[in-house]
Amino acid sequence: MHPLKKRKPVKQRFESSRDRQRAVRNVLLLTLVLNLFVMVLKAVLGVWTGSLSLLADAIHSVTDSANNVLGLVTNRLASPHPDRDHPYGHQKYEAIGALGIAAFLGIACFQILQGAIERILHGGSEVEISATELWLLLIVLGVNIFVAFYERYVGQKVGSPILIADARHTMSDIWVTVSVLGGLIGIWIWQVQWLDVVLAFPVALLVIRSGWSVLRENLPWLVDEMAIAPESIYDIVMSVPGVVNCHSIASRGLLGRQVFIEMHLIVDASDVETAHTITEAVEARLVEKYAPVRISIHVEPPAYESDQISYESGIG
């Protein structure tokens, strides 16, 4: 007889998800305050110095605060709890939020390129900069660096795509600020007014790269791409005593965030209770390997045995 492992109550199963949501919300609130501080300080410095690139950087920083607000909204909606209207939970809201950040990255890139081209074609008034403004800009840079690394650390720790995506966006903001700072230092020391314009173009490429990374990491969740190789699931399932055959395996979601697995199973059992015990053992093995995961198993009679592990690949 195979040992029956009881499932944890629903309340316990979602406790860690609640903690994760709370951690994400707290980080987004903190970074929202810091990003608002950075945005206002950049705007004030831009007005004081007459630097168009710094004012454009302040506009770019608006997206940081917008991303935090977007993250708070999607974090609220991305509840791990299934309900009548969303039986598979609400986690895709968080992926949608990450795609929203990718859109913001595209807008920011356009703003950077537009500002640089306008400066080249039409020029502008000379920038007047002092050591005080440069030190204040260094403070802004320090805040951005803290926000980016803190969000990435917590995002990786709790497995939050919205924090990781926002950290990437803040990293792009860091490079924008470094570019502007380099241009302003050049203006301050050598009176070379075009340095910040020249440095804006490679920054735009970094923004594009960040946006592509966000899209690449979140599209698999939205289009239900395979989450786990069916052969890996097959090997685990077939190692459970009492399993005769496993086929038609499908998985979706993102490993480490939430995975859904479906399969057809043939077991060596003469009654329902024994069959149930074997399927519980299968679920326990898969949960141990791939949690968090929800598993659907369709038990079939021996006549339905198949060598088709998945829908397009066989055993060999």
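Predicted model: local features only at pLDDT ≥ 70, side-chain atom pairs only at ≥ 80, totals over all residues.
**View 1. The packing of helix H5 against helix H6.** Helix H5, spanning residues 131-158, and helix H6, spanning residues 161-190, have axes that come within 8 Å and cross at roughly 160°. Since angles over 145 degrees count as roughly antiparallel, H5 and H6 are therefore roughly antiparallel to each other. The crossing in which H5 passes H6 is left-handed, and the contact of H5 with H6 comprises, by class, 22 nonpolar, five polar and four charged residues.

View 2. The ring centres of Phe146 and Tyr150 lie 5.5 Å apart and their planes meet at 5°, so the pair is stacked, the cut-off for stacking being planes under 30 degrees apart. Both Phe146 and Tyr150 belong to helix H5, where they are four residues apart, or about one turn of the helix.

**View 3. The second largest pocket and its lining.** The second largest pocket holds about 420 Å³ of space, and its lining consists of 22 residues, among which Leu52, Ser53, Ala56, Gly115 and Ala116 lie nearest the centre of the pocket. Two or more residues of this lining come from each of helix H3 (52-77), helix H4 (92-122), H6 and helix H7 (195-222). Divided by class, the lining of the second largest pocket has 11 nonpolar, seven polar and four charged residues.

Key: Residues numbered from 1 in each chain as written. Heavy atoms only, no water. Axes fitted to C-alpha atoms, helices over the stretch in contact; angles between N-to-C directions. Parallel < 35°, antiparallel > 145°, perpendicular 65-115°, else oblique. Left-handed = near helix turned anticlockwise from the far one by under 90°. Nonpolar A, V, L, I, M, F, W, Y, C, P; charged D, E, K, R; others polar. 1 Å grid on protein atoms, 1.4 Å probe; cavity = no way out; pocket = protein on both sides within 12 Å on 5 of 7 lines; lining within 4 Å. Points joined across faces, edges and corners; volume = space filled by probe spheres on them. Phe/Tyr/Trp six-rings, centres within 6.5 Å; stacked < 30°, edge-to-face > 60°.
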